[in-house]
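This report describes a protein model together with its ligand. Please keep the sequence and the coordinates at hand while reading.

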Amino acid sequence: MTPTPSSADAPSANLSQDELKALVGQAALQYVEPGRIVGVGTGSTVNKFIDALATVKARIAGAVSSSAASTERLEAAGIRVVDADEVDHLGVYIDGADEIDGRGYMVKGGGAALTREKIVAALADRFICIADASKQVTTLGAFPLPVEVIPMAARRITAQFKALGGTATLRLKADGTPLATDNGQHILDVRGLSIIEPLAFESEVNQWPGVVTVGVFAHQKAAVCLLGTAQGVQTLIF
Ligand code: 5RP
C-alpha cells in the first residue's frame with residue numbers, strides 16, 4: 001500500500017538526530033492504549049519512548065519487552081514488565097528500525113534484539129515504527145542485514161549469502177569475541193544485498209537450517225511510521 005503522509009506535527013529545524021529520536025519517542029505515546037499492555041522494542045529511539053512512557057506509566061497495565069536492555073530500562077522507570085509468553089495478544093508494538101521502505105518493510109537487528117522483536121511484534125495488531133528520517137530508504141539492504149544464527153551453522157549460512165551476492169561477517173564485541181544475543185546465539189551482518197522482494201527474501205532465508213531470525217521485517221511490517229524529519233514528525237500509514 002502507498003504510504004499516506006500526514007502533515008508534520010511540529011517544526012523541528014536544526015534538531016539533532018538524538019532530538020529527532022526524542023520527538024518520535026514522545027509522539028508514540030498517542031498509540032499507547034490506556035489500561036493495556038504495550039509491546040516495547042529495543043534501541044536508542046525506543047529508549048526515548050521508554051522515557052516518555054515513564055511519564056504515563058500509571059495509565060498502562062505494563063509492557064512486554066523485546067530485550068534484556070529494554071527490560072532493565074523499563075523496570076528502572078517503574079514500569080511493570082510482563083513475559084511475552086504470558087500474553088495472548090497486544091494492541092500495539094512500538095519499535096525502531098535500521099531501515100524502512102515505502103511499503104513499511106524494515107531491516108532491524110542493529111541492536112541484536114531481532115528475534116525477540118519479531119516475537120513481540122507477532123503478538124501485536126499493529127507495529128508502530130519510530131525512526132528519524134535517516135532510516136527511510138527506497139530499497140532495503142544498504143544497512144548490513146543482521147541475521148541471528150546458531151553458531152555451528154554460521155559458515156554454511158555465510159556461503160549461502162555469498163551465493164546471493166552478499167558478504168556476511170560475524171558480529172564481534174569490542175574485545176574481539178563473538179557477540180552473543182539474549183538467546184545465546186550469534187549475529188551475522190550481511191553487506192552487499194539489495195532486497196527487492198522483502199516478503200519472499202524473508203521467507204527464503206528463514207527456512208535455511210541454522211537461521212534463527214533474519215532481520216527483514218516484511219511479514220511483521222510497520223502499520224505506521226512516525227518519522228522524525230526537519231519538518232517535524234511525519235505519520236506514514238502503510
Ligand atoms: C534493535 C533494533 C533497533 O530497532 C534498530 O537497530 C534501531 O535502533 P536505533 O533506534 O538505536 O537507531 O532493531 O535490534
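## Model and confidence

This is a predicted model, in which local features need pLDDT of at least 70 and side-chain atom pairs count only at pLDDT 80 or more, while totals for chains, interfaces and linings use all residues. Residues are numbered from 1 along each chain as its sequence is written, and side-chain values use heavy atoms, with hydrogens and water left out.

The protein chain has a mean pLDDT of 95, and 95% of its residues reach 70 or more; pLDDT is the predictor's confidence in each residue, from 0 to 100. Over residues 1–7, pLDDT stays under 50, and the model has 16 contacts there beyond four places in sequence, a contact being heavy atoms within 4.5 Å. Where pLDDT is low, the predicted coordinates should not be read in detail.

## Strand pairing

Helices (H or I, at least four residues) and strands (E, at least two) are DSSP runs, numbered from the N terminus. Two strands pair if DSSP finds at least two bridges between them. Strand β5, residues 90–95, is mostly covered, with six of its six residues buried; buried means under 20% relative accessible area, exposed over 50%, and partly exposed in between (1.4 Å probe, protein chains only). β5 runs parallel to strand β2 (residues 37–40), to which two bridges join it, and Val-40 has Ile-94 of β5 as its bridge partner. Five bridges link β5 in the parallel sense with strand β8 (residues 124–132), where Arg-126 stands opposite Val-92.

A separate description applies to the open sheet of three strands, whose order is β6-β7-β13 and whose pairing is antiparallel. β6 (99–100) and β13 (216–217) are at the edges and have a single partner strand each, so one side of each lacks a neighbour in the sheet. Two bridges connect β6 with strand β7 (residues 106–107), and Ile-100 faces Met-106 in β7.

## Ligand site

The ligand is surrounded by 17 residues, of which Ser-44, Thr-45, Asp-98, Gly-109 and Lys-135 are the closest; a residue is near a molecule if one of its heavy atoms lies within 4 Å of it. For Glu-117, a polar side-chain atom is 3.1 Å from an oxygen atom of the ligand. Of the 380 Å² of accessible area that the ligand has on its own, the protein covers 91%; accessible areas come from the Shrake-Rupley method with a 1.4 Å probe, and for residues only the protein chains shown count as cover.

Ala-112 belongs to the loop between β7 and α4 (114–123). Its relative accessible area is 12%, so Ala-112 is buried. Ala-112 is not a glycine, yet its phi is positive, at about 70°. Most residues other than glycine have a negative phi.

Thr-42 sits in the loop between β2 and α2 (44–54) and, at 15% relative accessibility, counts as buried. Beyond four places in sequence, Thr-42 touches residues including Ser-66, Asp-95 and Glu-117. The side chains of Thr-42 and Ser-67 are joined by a polar contact of 2.8 Å, that is, a pair of N or O atoms within 3.5 Å; within protein, one must be able to donate a hydrogen and the other to accept it, and residues adjacent in sequence count only if both atoms are side-chain atoms. Phe-143, in the loop between β8 and β9 (145–149), is partly exposed at 29% relative accessibility.
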